[in-house]
Structure formats: C-alpha cells, structure tokens
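The following exercises concern the packing of secondary-structure elements in a single protein chain.

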Amino acid sequence: MRTCGDTSAEVSASTGTGAADTAVPGSGTVRPRPYEGTWRFTAPVRDSSVPRARRTVRDVIGRAGVPVPGELMHALLLVLTELVTNAVRHAALLSPEVGVEIRVGADQVRVGVEDGHPYRPAALAADPAHEHTGGRGLLLVRAVTAEAGGSCGVERTASGGKVVWAVLPLPPLPSGPSPAR
C-alpha cells in the first residue's frame, strides 16, 4: 500500500484483476491488454492528500501505459479530486485514512475512494435542478461522468464504510492495418 504522505512507498498493484480480455489474432487465445490492472493506495484524511492522490493516479496511469487522452485524464483527475476532497472533509471523524483504487479494463477506467464513514451521499442521486446547500462536488462528478459516457455511484463496504466510485470509458484503440485484398 502507498500512503500519499510517504512518497518513498510503492503503489500496490495487481494486473489483470477482473479485466476484460482481448483476442489474440490467429491464436484462438484471449489475453488482457498490457495496461489492465488494479492499483490501490491509502492517504491520510488531510487536505494535502488531494494533490498527492492526483499525482499518484496520473503517475500510475502513465507508467502503466493506459491510453487516456488529455481531456479524459482531466475529467478523471477532476472526479478523483472531488471524491478525495469529500472523503477528507466528511469522513475524518470516523476514518483516519481513505483508500484510493484505480481499476483499468480494456475499455474503461474506474476510480474509487473508500472511507470508514457510513453516510452515503445523496447528491449522486439528487436532482441538480433543486436547490442544495452543499453536495455540488458530487453533482459535478455525476455531470462529468455522464458527459464522458460513464457512470458513478456509492457502495457499502463490509466494514460499514463506503466506496464512492466513477467509471469512465476509454476510447477504442486504433485497429491495426487492414489485410490486403
């Protein structure tokens, strides 16, 4: 596990976990793409964890060679910023750390932020037309993921906390040259 406050630690990774497989032309076999995998790290519930989480996710995606174009990377990092910020602001009393998970499949990237607080934010299901006194960050998460063709939500954890997540689709990889006719 990597703690965002400890830049000497490594991000724990497992590749191919739950990833979609791709056909190997002419071989009849299926294998994951080289960039597929799951990476996790933890961060203390401090404001300084937000930019560190952004840098860590950007670094992991870059080192793994995930084909994330610039606009999608900006959307992903904006979503991550909102999710980590919310966890830092609202879960600190019950959760000294937040967990961040990046899960990359052949055609999507999922980022999730886990904390130990049982409160499930209603803003992800709220109607943005109604007036709210808070929760705009999660409404932004919902809008950004919808605009990108993705989805977001919240799940309970076995320990009573929650994971707030967003999935963004990756653009299709360019196909190889067509066989000559």
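Contact here means heavy atoms within 4.5 Å. The model is predicted.

**Exercise 1. Describe the overall organisation of the protein chain.**

Step 1. The protein chain contains three helices and eight strands.

Step 2. Along the sequence, these elements follow the pattern β-β-β-β-α-α-β-β-α-β-β.

Step 3. Of the 181 residues in the protein chain, 45% are buried.

Step 4. Among contacts with a separation of 6 or more, 62% join residues 24 or more positions apart.

**Exercise 2. Determine how helix α2 is arranged relative to helix α3.**

Step 1. Two packed helices are described by the angle between their axes and the distance between the axes.

Step 2. The axes of α2 (residues 70–90) and α3 (residues 136–147) come within 9 Å and cross at roughly 155°.

Step 3. Angles over 145 degrees count as roughly antiparallel, and α2 is therefore roughly antiparallel to α3.

Step 4. The crossing in which α2 passes α3 is left-handed.

Step 5. On the α2 side, the contact is made by Ala-75, Leu-78, Val-79, Glu-82, Leu-83 and Asn-86. On the α3 side, Gly-137, Leu-138, Leu-140, Val-141, Val-144 and Thr-145 take part.

Step 6. Sorted by class, this contact has eight nonpolar, three polar and one charged residues.

**Exercise 3. Characterise the contact of helix α1 with α2.**

Step 1. The axes of α1 (residues 49–64) and α2 come within 9 Å and cross at roughly 145°.

Step 2. The crossing of α1 and α2 is right-handed.

Step 3. From α1, the contributing residues are Ser-49, Val-50, Ala-53, Arg-54, Val-57, Arg-58 and Ile-61. From α2, they are Met-73, Leu-76, Leu-77, Leu-78, Leu-80, Thr-81, Val-84 and Thr-85.

Step 4. By class, the contact of α1 with α2 has 10 nonpolar, three polar and two charged residues.

**Exercise 4. Identify the buried residues of α3 and the elements against which they pack.**

Step 1. The end C-alpha atoms of α3 are 16 Å apart, which agrees with the 16 Å that its 12 residues should span at 1.5 Å a residue.

Step 2. Gly-137, Leu-138, Leu-139, Val-141, Val-144 and Thr-145 are buried in α3.

Step 3. The buried residues of α3 pack against α2, β7 (151–156) and β8 (162–169).

Step 4. Gly-149, which follows α3, has a positive phi, near 85°.

**Exercise 5. Is Arg-110 buried or exposed, and which residues does Arg-110 touch?**

Step 1. Arg-110 is found in strand β6 (residues 108–115).

Step 2. Its relative accessible area is 11%, so Arg-110 is buried.

Step 3. Not counting residues up to four places away in sequence, Arg-110 touches Glu-101, Ile-102, Arg-103, Glu-155, Val-163, Trp-165, Ala-166 and Val-167.

Conventions:
Residues numbered from 1 in each chain as written. Predicted model: local features only at pLDDT ≥ 70, side-chain atom pairs only at ≥ 80, totals over all residues. Heavy atoms only, no water. Axes fitted to C-alpha atoms, helices over the stretch in contact; angles between N-to-C directions. Helix = DSSP H or I, 4+ residues; strand = E, 2+ residues; numbered from the N terminus. Parallel < 35°, antiparallel > 145°, perpendicular 65-115°, else oblique. Left-handed = near helix turned anticlockwise from the far one by under 90°. Nonpolar A, V, L, I, M, F, W, Y, C, P; charged D, E, K, R; others polar. Expected span 1.5 Å × (residues − 1). Buried < 20%, exposed > 50% of the residue type's maximum accessible area, 1.4 Å probe, protein only.
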